[in-house]
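Please examine the sequence and the model shown here. The questions and answers that follow refer to them.

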Amino acid sequence: MLNRGLLLLLAMILVGCGVTANQPTTIPASATTVPATVVDPTAVPNQPTSAALTPSIVPSTPTLEATNPTTATISNPQSGEEVLAFIRQNPSNVSLVTYSTNSDGSINNADPLIEFNAQQPLPLASTMKIVILASYAQAVEAGTLDPEQPISLADWEAWYWPNTDGGAHPAALERLGIPADQRGFANDPAQTVPLKTLAQAMIFESDNAATDYLIDRLGIAALDQTIADLGMQQQTKIVPIVGLFLLVMNPDASIDATSMQSLLELDQASIEQQALALAERFQAEPEWRKATQDQSQLKLDLAQQSQVFDHIMPKGSAGDYANVMALVGNNQLISPAVSQTMREFLEWPMTIPGNEAMFTHFGTKGGSLPGMLTEAMFIQPAQGEWADRTKVVVLFFNQLPDQTWLGLLQSFMQQQFAVQLALDPAFAQSVASQLK
């Protein structure tokens with residue numbers, strides 16, 4: 001069992017599209033703010049917890065007995081064993097892929113292999129930002145983007161929608177030492193930062209404004225090409241997050257319980273087209289943008305939000321993301337230069353003092369929206385049986401009951417489960433045997 005110190009560090013890993021993970025009580029049953037992504041503001045990369053991972057807390061969970069599965073209904077998992085039991089009880093809404101890799105990123109069949117619903121498309125929340133990061137890294141290598149290009153804060157914040165990102169943008173500005181007002185807008189919009197700072201904010205804090213700025217700079221066609229280059233068979237088109245949120249919270253016609261059916265009837269192409277059009281309007285009409293930025297009210301309860309975001313958000317498979325993370329973790333994604341650029345941002349957990357004692361490498365990106373939690377990581381343990389072996393773990397949950405979703409936002413138990421799979425051979429073998 002991992003202790004609370006590990007849980008506090010793992011809280012830093014959960015970075016997605018908006019709501020604050022350690023403040024679930026701010027999302028009542030009839031939520032009025034967008035729980036668009038999860039970030040723990042007490043433990044984002046610029047505010048590391050002092051409880052770093054140390055060798056003394058390497059998980060040593062006993063092997064689970066496949067012949068004695070938990071039979072009680074699990075609604076709020078409190079251990080790795082209960083996370084596994086929850087997966088077994090809710091198999092249609094969970095995807096899990098984990099394996100050891102060879103140096104070329106392929107599967108090392110000498111160790112346990114889990115491919116549970118590996119090719120099932122599920123909504124990604126902010127885990128999709130891995131694709132945007134890959135496209136950014138390709139553009140940097142090709143010379144079409146200059147990571148040192150000065151970007152004004154005004155241009156960055158032209159994509160910012162206060163109170164819809166769980167404080168991610170204000171947290172990014174704070175880490176950078178940039179003074180901001182109470183809503184999270186920089187005091188000096190003429191100040192500039194290097195372009196690479198926006199890529200960093202997209203991954204470190206999961207800043208949606210930085211994400212949408214990069215989507216705009218890269219272009220949808222380039223993102224489509226990156227998806228093809230990565231061989232992601234189940235990945236749907238990635239469009240600006242602000243456009244997707246405007247589908248739900250358009251100040252001209254906000255969705256409520258009565259009108260949400262019209263949104264649920266949209267097909268994928270219509271969702272993408274309308275989200276792109278709304279994002280373009282957000283940029284082209286400053287007065288409408290300001291009116292939008294001045295409001296962030298949701299008229300749906302958590303269950304309704306879960307249903308809506310499940311329908312409109314980009315989707316992908318755990319198998320595709322495991323392959324990408326395996327290649328990145330072995331410097332084999334497209335080119336060593338592209339992989340290294342991605343690792344520069346994904347391996348932010350390695351900046352936490354003490355982590356080098358447990359990990360040689362640790363790269364991750366996660367996300368959350370109502371009813372969904374997503375994690376994708378590569379880990380190279382620094383000790384134990386799997387020392388210096390690159391492991392990948394990708395875990396997607398969808399349509400979680402309110403109690404389960406809110407509980408996991410507080411406990412981060414799904415992250416404990418994922419890291420334990422990468423560090424504990426006996427636990428991984430037991431999970432593999434029970435998910436066949």
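**Burial, packing and salt bridges**

The buried residues of helix α15 (residues 336-346) are Val338, Ser339, Thr341, Met342, Arg343, Phe345 and Leu346. Buried means under 20% relative accessible area, exposed over 50%, and partly exposed in between, with a 1.4 Å probe and protein chains only. Helices (H or I, at least four residues) and strands (E, at least two) are DSSP runs numbered from the N terminus.

This is a predicted model, in which local features need pLDDT of at least 70 and side-chain atom pairs count only at pLDDT 80 or more, while totals for chains, interfaces and linings use all residues. Residues are numbered from 1 along each chain as its sequence is written, and side-chain values use heavy atoms, with hydrogens and water left out.

Q: How many helices and strands does the secondary structure of the chain come to?
A: The chain has 436 residues, of which 60% are buried. Its secondary structure comes to 18 helices and 10 strands.

Q: What covers the buried residues of α15?
A: Arg343, one of the buried residues of α15, has a relative accessible area of 7%. Contact here means heavy atoms within 4.5 Å. The cover of the buried residues of α15 includes α3, α6 (195-204), α14 (318-329), β8 (359-369) and β9.

Q: Are α14 and α15 roughly parallel or roughly perpendicular to each other?
A: Two packed helices are described by the angle between their axes and the distance between the axes. Axes are lines fitted to C-alpha atoms, for helices over the stretch in contact, and angles run from 0 to 180 degrees between N-to-C directions. For α14 and α15 the angle is about 100°, with the axes 9 Å apart. Angles under 35 degrees count as roughly parallel, over 145 as roughly antiparallel, 65 to 115 as roughly perpendicular and the rest as oblique, and α14 and α15 are therefore roughly perpendicular.

Q: How do the residues of the contact of α14 with α15 divide by class, and what are the counts?
A: Met325, Leu327, Val328 and Gly329 of α14 make the contact with Ser339, Met342, Arg343 and Leu346 of α15. Ala, Val, Leu, Ile, Met, Phe, Trp, Tyr, Cys and Pro count as nonpolar, Asp, Glu, Lys and Arg as charged, and the others, Gly among them, as polar. The contact therefore divides into five nonpolar, two polar and one charged.

Q: Which residue of α7 are among those that meet α3, and what is the angle class of the two helices?A: The axes of α3 (residues 129-142) and α7 (residues 208-218) come within 10 Å and cross at roughly 45°. That angle makes α3 oblique to α7. The residues of α7 that meet Lys129, Ile132, Ser135, Tyr136 and Ala139 of α3 are Asn208, Thr211, Leu214, Ile215 and Leu218, and the angle class is oblique.

Q: Which residue does Arg389 form a salt bridge with?
A: A salt bridge is a side-chain nitrogen of Lys or Arg within 4 Å of a carboxyl oxygen of Asp or Glu, and the count comes to nine salt bridges. In the bridge of Arg389, the closest N and O atoms are 2.5 Å apart.

Q: How many residues apart in sequence are the parts that the pair of Arg389 and Asp111 ties together?
A: Because Arg389 lies in the loop between β9 (372-381) and β10 (391-397) and Asp111 in the loop between β2 (107-108) and β3 (114-116), the parts tied together are 278 residues apart in sequence.

Q: How far apart in space are Phe397 and Ile87, C-alpha to C-alpha?
A: Phe397 lies in strand β10 and is buried, with a relative accessible area of 2%. Not counting residues up to four places away in sequence, Phe397 touches residues including Val83, Phe86, Ile87 and Gln414. Phe397 and Ile87 are 310 residues apart in sequence, and their C-alpha distance is 8.8 Å.

Q: What is the phi of Asp388?
A: Asp388 lies in the loop between β9 and β10. With a relative accessible area of 54%, Asp388 is exposed. Although Asp388 is not a glycine, its phi is positive, at about 65°.
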